[in-house]
Amino acid sequence: MAVAGGSGTLHDRMRDSEAEHHLRAKTGTLSTASALSGYVTTRRGEDLAFSIIVNHYKQGIESVLRVQDAIGVALAQIEGPRSLVDARVSELGEPDVAGWQ
């Protein structure tokens, strides 16, 4: 699997973030679909499995990759034994999805 900020298709993604070298995943992209699925080690040392799939996006892939990366970083930043909903994921705010519909 590729490593965030380290190897493969994630070599240039999530650099200088909590996810760098702590997120390992496979990427996949088609004309209107993009996926990032793998494992991330949290600040607490817990390994989490995740899968982010985006279908039918209308804007360029760059905005989709930014949202995927933000979720990956948020997962890596989880510190305590809180649920994912209560953790950093809620701090992402609303993604810029204008034009995705």
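Leaving aside residues up to four places away in sequence, M14 touches A4, A19, E20, L23, L36, D69, G72 and V73, where a contact means heavy atoms within 4.5 Å. This is a predicted model, so to speak of local features takes pLDDT of at least 70 and side-chain atom pairs count only at pLDDT 80 or more, while totals for chains, interfaces and linings use all residues. Numbering starts from 1 along each chain as its sequence is written, and side-chain values use heavy atoms, with hydrogens and water left out.

**Overall layout**

- Follow the sequence and you get the pattern β-β-β-β-α.
- Buried residues make up 37% of the 101 residues, with buried meaning under 20% relative accessible area, exposed over 50% and partly exposed in between (1.4 Å probe, protein chains only).
- Of the contacts with a separation of 6 or more, 41% are between residues 24 or more positions apart.

- The four strands make an open sheet in the order β1-β2-β3-β4, with antiparallel pairing; two strands pair if DSSP finds at least two bridges between them.
- β1 (2–3) and β4 (47–55) sit at the edges with a single partner strand each, so one side of each has no neighbour in the sheet.
- β3 (residues 33–41) and β4 run antiparallel and are joined by nine bridges.
- Along that pairing, Y39 has A49 of β4 as its bridge partner, and S37 stands opposite S51 in β4.
- The β3 and β4 hairpin has five residues between the strands, and G45 in the turn has a positive phi of about 95 degrees.
- β4 has two faces: L48, F50, I52 and V54 are on the covered one, and D47, A49, S51, I53 and N55 are on the uncovered one.

**Helix and core**

- Helix α1 (residues 61–76) lies across β2 (23–30), β3 and β4, at about 15 degrees to β3; axes are lines fitted to C-alpha atoms, for helices over the stretch in contact, with angles from 0 to 180 degrees between N-to-C directions.
- The largest nonpolar core has 19 residues, and L10, M14, L23, L36, V40 and F50 have the most contacts inside it. Such a core is a set of buried Ala, Val, Leu, Ile, Met, Phe, Trp, Tyr and Cys residues joined through side-chain atoms within 4.5 Å.
- β2, β3, β4 and α1 each put at least two residues into this core.

- G38 is in strand β3 and is buried, with a relative accessible area of 8%.
- The C-alpha atoms of G38 and L23 are 7.5 Å apart, although 15 residues separate them along the chain.
- Not counting residues up to four places away in sequence, G38 touches M1, R24, A25, L48, A49 and F50.
- T41, also in β3, has a side chain joined to that of D47 by a polar contact of 2.6 Å. That term covers a pair of N or O atoms within 3.5 Å; within protein, one must be able to donate a hydrogen and the other to accept it, and residues adjacent in sequence count only if both atoms are side-chain atoms.
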